[in-house]
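Let's take a quick walk through this fold, from the strands to the pocket. Have the model open as you read.

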Amino acid sequence: MNITNAKFLVSSAKVTQCPNSKQPEFAFIGRSNVGKSSLINMLCNQKGLAKVSATPGKTQLINHFDINNGEWYLVDLPGYGYAKVPLGEKAKFQSIITDYALKREQLTSFFVLVDVRHPMQTIDRNFMEFLGLHGVPFSIIFTKADKLNEAQVQKSVDAYKAEMLKTWQSLPPMFVTSSAKFKGRDLILGYIGSVISNLEQR
Ligand code: GTP
Ligand code: MG
């Protein structure tokens with residue numbers, strides 16, 4: 001899978017306002033500031049496509065991006081778990097995310113982004129358990145790998161796997177990435193391509 005064309009389609013405040021489309025959707029989610037928007041820009045090779053900010057809480061809507069003129073949609077969701085967002089706002093983001101996960105028929109798979117420098121966070125664990133409970137497929141993307149050396153990355157990923165295996169019988173697909181260094185792009189796009197071709201064979 002190569003991305004030859006990527007363009008912003010629409011921002012929606014609710015799942016009911018999302019595009020009435022048939023394209024398979026891949027959604028990017030994770031704690032605020034984990035690097036979702038940066039990763040989307042890296043995958044699409046387009047710097048300003050999704051808005052990146054050093055201040056957490058930048059992405060507040062469901063953002064649809066059209067990939068390869070209608071081949072599939074990439075979806076940027078608000079980050080969860082940002083402490084400085086007022087409680088009411090937090091609940092609003094939370095319901096946007098859960099509604100999208102449970103009601104969006106076009107949703108094919110989630111990518112749950114986690115910062116490779118940190119051990120498993122409760123909020124990520126809870127979200128993955130929620131997805132598992134409802135049978136929503138997901139993969140894990142480790143972000144910001146350029147902030148550690150290779151051995152440290154490996155150690156961190158191994159610890160994450162061990163933690164997951166305490167509650168999960170098998171591990172989801174996992175990708176180590178750095179948006180700053182363009183790391184992990186081919187593997188993720190290859191994975192998306194294989195998921196789409198499996199859908200087409202059904
Ligand atoms: P919200 O939309 O606020 O939820 O954040 P987000 O998850 O979309 O994060 P965003 O892509 O805006 O990045 C947050 C900060 O992390 C920015 O300052 C980025 O430059 C930085 N960042 C993102 N990815 C990487 C990476 O791979 N390496 C490094 N070194 N910094 C990164
Ligand atoms: Mg963002």
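Which residue in β4 is the bridge partner of aspartate 66? That would be tyrosine 73. Keep in mind that this is a predicted model.

## The sheet

Strand β3 covers residues 62-67 and strand β4 covers residues 72-76; the two run antiparallel and are joined by five bridges. As a bit of background, strands of a sheet pair through backbone hydrogen bonds, either parallel or antiparallel.

Zoom out and you'll find an open sheet of seven strands with mixed pairing, in the order β1-β3-β4-β2-β5-β6-β7. The edges belong to β1 (6-12) and β7 (174-176); each has a single partner strand, so one side of each is left without a neighbour in the sheet. On average, neighbouring strands here are turned by 25° against each other, ignoring direction.

## A helix across the strands

Helix α1 lies across β1, β2 (25-30), β3, β4, β5 (107-115) and β6 (138-143). Against β2, α1 runs at about 145°.

## Aromatic pairs

How many aromatic pairs are there? The count comes to twelve. One of them is phenylalanine 111 with phenylalanine 175, an edge-to-face pair with 6.4 Å centre to centre and 65° between the planes. This pair links distant parts of the chain: phenylalanine 111 sits in strand β5 and phenylalanine 175 in strand β7, 64 residues apart.

## The largest pocket

The largest pocket holds about 370 Å³ of space. Its lining is made up of 18 residues, and Ser38, Leu39, Met42, Ser179 and Ala180 lie nearest the centre.

Helix α1 (residues 36-44) turns up again here: it gives the largest share of the lining, four residues. Sorted by class, the lining has six nonpolar, eight polar and four charged residues.

Technical notes: Residues numbered from 1 in each chain as written. Chains lettered and ligands numbered in written order. Predicted model: local features only at pLDDT ≥ 70, side-chain atom pairs only at ≥ 80, totals over all residues. Heavy atoms only, no water. 1 Å grid on protein atoms, 1.4 Å probe; cavity = no way out; pocket = protein on both sides within 12 Å on 5 of 7 lines; lining within 4 Å. Points joined across faces, edges and corners; volume = space filled by probe spheres on them. Nonpolar A, V, L, I, M, F, W, Y, C, P; charged D, E, K, R; others polar. Pairing = 2+ DSSP bridges. Axes fitted to C-alpha atoms, helices over the stretch in contact; angles between N-to-C directions. Contact = heavy atoms within 4.5 Å. Phe/Tyr/Trp six-rings, centres within 6.5 Å; stacked < 30°, edge-to-face > 60°.
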